[in-house]
Amino acid sequence: MTEEQKSLAPADPKMTARDVKVFYGPKQAIKGVSIDVDMDNVTAFIGPSGCGKSTFLRTLNRMNDTVASARVEGTITLDGEDIYAPSMDVVQLRARVGMVFQKPNPFPKSIYENIAYGPRIHGLAASKADMDVIVEKSLRRAGLWEEVKDRLQDSGTALSGGQQQRLCIGRAIAVEPEVILMDEPCSALDPIATAKIEELIHELRGRYGIVIVTHNMQQAARVSQRTAFFHLGELVEYGVTSDIFTNPRQERTKDYITGRYG
Amino acid sequence: MAEHTIKAFDEDIDRLRGLIAEMGGRAEAAIENAMLALQRHDKTLAAEVVADDKRIDAIEAEVEKMVVEVIALRAPMANDLRDVIAALKIVSVVERIGDYAKNIAKRVPLVATNTRTMEPISLLPSMGQVAGEMVHDALNAFAARDPDLALAVVERDTVVDDFYNSVFRTLVTYMVENPKTISECAHLLFIAKNIERIGDHATNVAEMVYYAATGKTLPDRERGPDIQLED
Amino acid sequence: MSPTPSPAERLPTDWKSDAMRKRIARRYAAERRFHLLGLGAVLLSAAFLAFLLVTMMGNGLRGFTRTEIALKVDFPASPLLLDPQAITNEALANANLPMVTSAVAEKMLGKDADALLAPTAWLSLRDAIKADPTILNRTEVIRVPASTDIDLAAKSDGTPAAEAAVKRLKQAGILSTGFNWSFLSASDGTDPTQVGIWGAFKGSLLTMLVTLVLSFPIGVATALYLEEYAPKAWWTDIIEVSINNLAAVPSIIFGLLGLSIFLNFLHLPRSAALVGGMTLALMTMPVIVIAGRNAIKSVPPSIRDAALGIGASPVQVVFQHVLPLALPGILTGTIIGMARALGETAPLLMIGMRAFIATPPGGVSDPATVLPVQIFLWSDEVSKGFVEKTSAAIIVLLVFLLAMNGLAIYLRNKFEKRW
């Protein structure tokens, strides 16, 4: 880690990554990235296409395991435990580190069932009444309750794009994760829906550690307190968001931010 | 520095800097002409300086408008943002410089009534020249985005301040010895003060150039001359 | 030689010139031709289908009817010796009903009565007595089936002698043609008037059941394994190629397989629905696997990602998300496979389901026959009466197919979830 990173390192990071390398077959996609994620600051990953920010994000909840040729080296810990150790249960890890994807992907079930599915498979609700409470709480926290409370049995796919994405966030929240990873959550949404999601991220901050990958620099500037700039698989610069966007240290960061990249 | 991927952004920035350069040039010319008019007691030249100031004001209005547009439409970041903000501030400072030159020119007719060569007048041109050079260098530093040149300008402010102190003492002594020239000497005092303020503003420009180039602000320095009155 | 104009010199395209107009007209003409060609193809296929249906209907509908003669039986006066109070199967068997029937018929219709009645006419008497023993005390009119010759003649297709007899009977008012319920309830027989489709139908049902029970779970499980769990190794490629080829293998080879393994090696009962089902399952499974794999492949990865992302285990992802979404496609493949299996004759002939089965099978291990084989056997018969029965059986087969397809489409629509 750079000196700058060390000086910014939170006292009690939720997740740490040290010298993480990711290979797809012979090709190296991530080249030795070290970073901390904490609960109080939303961290944004920015960078041009193909720079590895999404790949790195997916190592944090072991979603790269689903790709046959992917190989991960280095150490990533959650509350001090190595998440790639054989003793770590992947299924539980993914409940503790949730993910929201670029294209809203609600299950083809009712709104209620979408939210209830996660708690059900993890055994988080003892009765239907408990489940109702969980569903309402999750939908409220996702800012969707008022809009859907009268039609919980409607299909989740009948909602608008922005509502579907909030439903997916609610679904991730329902299993009470500790960290929420968001992979370009607003790419497919219109500006109003995007603004609602950004406001939601602001509200969720502190309760969940949030990492957001975005190719929209203005969004990273609005939403995050820490920003990491990725380029060709390396972590080029990491710092306080306002510093990165007003006075970045690295030439590559400056070129990307000011639109001189490429 | 590499070009922006969106070429129009570069064109906007170039136009902005071009306007500032033009404005700076006019301000420099105004200072030079005002001092020349003072030396030669040239009332016509002085009137021209006063009239030209309107053009400087017009450029300031145009630059302000352009800066707001660039911020809204291009969302500049990092050094681009600092450049644009610095441009906005510099332009208002240069407009003040222009105003001071105009004030000097306005006082020329009031000083030239007395055809007797007054000794203290001879000090002012060199003072004016230093101030003029400072403005010139500050604007060069802006054009080149050169923080070192800007720093040099800042340090030269003490020269102008020292000049002002000695002119002040000289004029006060002269006024005591030649009470009939008090009103003209008063004008000369004001002119000296204006030149000293021009020097200060040139320093302001240099500070903003430094910030735009490096992202750091210069440490606060003392402005204004030490006023030490002799008993 | 004029140089090609540089891009800057190219003139703007004239969209209204004659050349353009001609091009447009040609394009429209081509489109119209294509439309007409398509329409023609559809109409031709429809015509073939209509021809088949009309022919079948024409021949087969008659097979559903049967000519009957109303026999006035004076029971007390007849040579029948039966105690109305003691109607047991043994008593009935001892009563020699065939002789009684012949006697009564002769009395009523004359010396050639035997030729007029079907050989199984006495069964009608027996059924009537069984249903209501009190008729033994009085005279009752019992409808008995007429012989094949009379039946054909009544349908205007018989010999001149038979036609004359028909006229005579009709004048006497005792000839009638009605719906042949026994066609649907009886099994195979020697006399065309008495044969029924029920035995073959039940045989088909049982065989289909065995086929479904064997091929569906194995096929779906194989498809799931190949798509979700199998690593990308050389041996999975071989399995894939093999299954694809199996689907194209001629069905008679499966018959040979069934013969050599199930009958000769495992000594399973010959001609049983079990063996038939197993053989057809071998044939149907590759179709289900292929359709299943395509259906599973078409489930978008975003659904899997979403499920994995909230901590579902791979098994939960497969059974709670992928399978329900792939079910319509899997069902379609199953329908196709089962419809093909329903109509298969060659492999079942090889394993012996061509025997003459007079009683419907009781279970999967009883000897049975299936509808297509029955049709084949009847079409081979000499007697003219079997022609209409064959067509009638074909109609039954078609109805069975339609019902199966209908059920499957209903199921598929029920499971279809729009996403």
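Once neighbours within four places in sequence are set aside, C:Met404 is in contact with C:Met338, C:Ala339 and C:Leu342 in this predicted model. C:Met404 itself sits in helix α17 of chain C, which spans residues 385-415. The fold also brings in C:Ile335: its C-alpha atom is 7.8 Å from that of C:Met404, though 69 residues separate the two along the chain.

Now for the interface of chain A and chain B. Here, 12 residues of chain A are in contact with 15 residues of chain B. Putting the two chains together buries about 1100 Å², and carbon and sulfur atoms give 49% of that area. On the chain A side, the residues that lose the most area to chain B are A:Asn247, A:Thr258 and A:Arg260, which together make up 47% of what that side buries.

A:Arg260 turns up again in the polar part of the story. The count of salt bridges between chain A and chain B is one, and A:Arg260 forms a salt bridge with B:Asp80, with the closest N and O atoms 3.1 Å apart. Across this interface there are also nine residue pairs in polar contact, with both partners at pLDDT 80 or more.

As for where the chain A side comes from, helices α9 (217-223), α10 (241-246) and α11 (251-257) each supply at least two of the residues that touch chain B. By residue class, that side of chain A splits into five nonpolar, five polar and two charged residues.

Key: Residues are numbered from 1 along each chain as its sequence is written. Chains are lettered from A and ligands numbered from 1 in the order in which they are written. This is a predicted model: local features need pLDDT of at least 70, side-chain atom pairs count only at pLDDT 80 or more; totals for chains, interfaces and linings use all residues. Side-chain values use heavy atoms; hydrogens and water are left out. Contact means heavy atoms within 4.5 Å. Buried area is the accessible area (1.4 Å probe) that two parts lose on being put together, summed over both. A salt bridge is a side-chain nitrogen of Lys or Arg within 4 Å of a carboxyl oxygen of Asp or Glu. A polar contact is a pair of N or O atoms within 3.5 Å; within protein, one must be able to donate a hydrogen and the other to accept it, and residues adjacent in sequence count only if both atoms are side-chain atoms. Helices (H or I, at least four residues) and strands (E, at least two) are DSSP runs, numbered from the N terminus. Ala, Val, Leu, Ile, Met, Phe, Trp, Tyr, Cys and Pro count as nonpolar, Asp, Glu, Lys and Arg as charged, and the others, Gly among them, as polar.
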